[in-house]
Amino acid sequence: RSLLVLVDVGQVSVPRTIVSLAANANNFPDLVGVSMDISLLRAATWRHAYGVRVGLLLPSVPAANWFSDAPGAKPPVYTDVDLVGLDIAFEYAYRRKVIGPLGFMMRGGLGIAVALGSVRRVETLPGCTPAQAATCPHWRKAGAQPNALPSPIWPALHATGGLFIELGGRFGAHVEAGLRDAPYVGVGISLRP
């Protein structure tokens, strides 16, 4: 059983403070998404495994006006996030049984992430009052700004910890939390073919 296969699904969320600093806005939808990963790891020992992880990130961010309610702030900007993230990384997993089939695990990985798609931003129509900032209309085509995504390639970082349970000789389940390019919580299954 030298191969360990981990299949994970979870939720990723970008902290609002980071987005507020980068976007000069403090009113915007939550930046969350669903992540799905598969890791193919070669077990060096029962506790240590190394290999590759391939992941997919599907953001779920509604299009909306992003704006700041600070005095003298710029007018709202209609923002439409249309992205899919794909990453591939080297992965390391450490698993240790504690009591019977129950144990803890730690995982770490480093690679590259590619953002496929764009973040479209369009100026809102003139005359929008601060009270209307969330709902004021935007131009249809005029007023479009360049893709707000600074780069399509980013580092992919994975650092999680959690618990697992063996469900027989080959199967298991786990729950993890930590970092998967952004704060992450998820569940998964493991298989030793």
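A residue is called buried here when its relative accessible area is under 20%, exposed when that area is over 50%, and partly exposed in between (1.4 Å probe, protein chains only). With that in hand, V119 counts as buried, at 12% relative accessibility.

This is a predicted model, in which local features need pLDDT of at least 70 and side-chain atom pairs count only at pLDDT 80 or more, while totals for chains, interfaces and linings use all residues. Residues are numbered from 1 along each chain as its sequence is written, and side-chain values use heavy atoms, with hydrogens and water left out.

## The chain as a whole

Let us begin with the overall layout. The chain has one helix and 10 strands, and these follow the pattern β-α-β-β-β-β-β-β-β-β-β along the sequence. The radius of gyration is 21 Å, well over the 16 Å that the globule rule gives for 193 residues, so the chain is more spread out than a compact globule. Helices (H or I, at least four residues) and strands (E, at least two) are DSSP runs, numbered from the N terminus. The radius of gyration is taken over C-alpha atoms, and the globule rule is 2.2 Å times the number of residues to the power 0.38. Along the principal axes, the C-alpha trace spans about 65 × 30 × 20 Å.

Of the 193 residues in the chain, 35% are buried. The chain exposes about 10700 Å², and carbon and sulfur atoms supply 68% of that area; the areas come from the Shrake-Rupley method with a 1.4 Å probe, and for residues only the protein chains shown count as cover. A contact means heavy atoms within 4.5 Å. Among the contacts with a separation of 6 or more, residues 24 or more positions apart account for 64%.

As for charge, the chain has 17 positive and 12 negative side chains, and the centres of the two sets lie 8 Å apart. Lys and Arg count as positive and Asp and Glu as negative, with His and the chain ends not counted. Each charge is placed at NZ of Lys, CZ of Arg, CG of Asp or CD of Glu.

V84 is found in strand β5 (residues 77-99) and is partly exposed, at 30% relative accessibility. Leaving aside neighbours within four places in sequence, V84 is in contact with L56, L57, L58, P59, V114, A115 and L116.

L116 is partly exposed, with a relative accessible area of 46%, and touches D82, L83 and V84, not counting residues up to four places away in sequence.

V119 also lies in strand β6. With residues up to four places away in sequence not counted, V119 touches T79, D80, V81, L83, P146, N147, A148 and L149.

## A loop residue and some distances

A25 is placed in the loop between α1 (16-23) and β2 (32-43). A25 is buried, at 5% relative accessibility. Apart from neighbours within four places in sequence, the contacts of A25 are S20, W66, F67 and S68.

The table sets out C-alpha separations for the residues described above.

| Pair | Apart in sequence | C-alpha to C-alpha |
|---|---|---|
| V84 and T17 | 67 residues | 22 Å |
| L116 and G85 | 31 residues | 6.0 Å |
| V119 and N147 | 28 residues | 5.5 Å |
| A25 and D69 | 44 residues | 8.0 Å |

## The disulfide and a positive phi

A disulfide is a covalent bond between the sulfur atoms of two cysteines. The rule used here is a pair of cysteine sulfur atoms within 2.5 Å, and by this rule the count comes to one. The disulfide joins C128 to C136, with S to S at 2.4 Å. The torsion about the S-S bond of C128 and C136 is about -85 degrees, so the disulfide is left-handed. C128 is partly exposed, with a relative accessible area of 21%, whereas C136 is buried, at 6%.

Finally, a look at the backbone. Most residues other than glycine have a negative phi. The phi of D181 is near 70 degrees, a positive value in a residue other than glycine. D181 is found in the loop between β9 (171-180) and β10 (183-191) and counts as partly exposed, at 32% relative accessibility.
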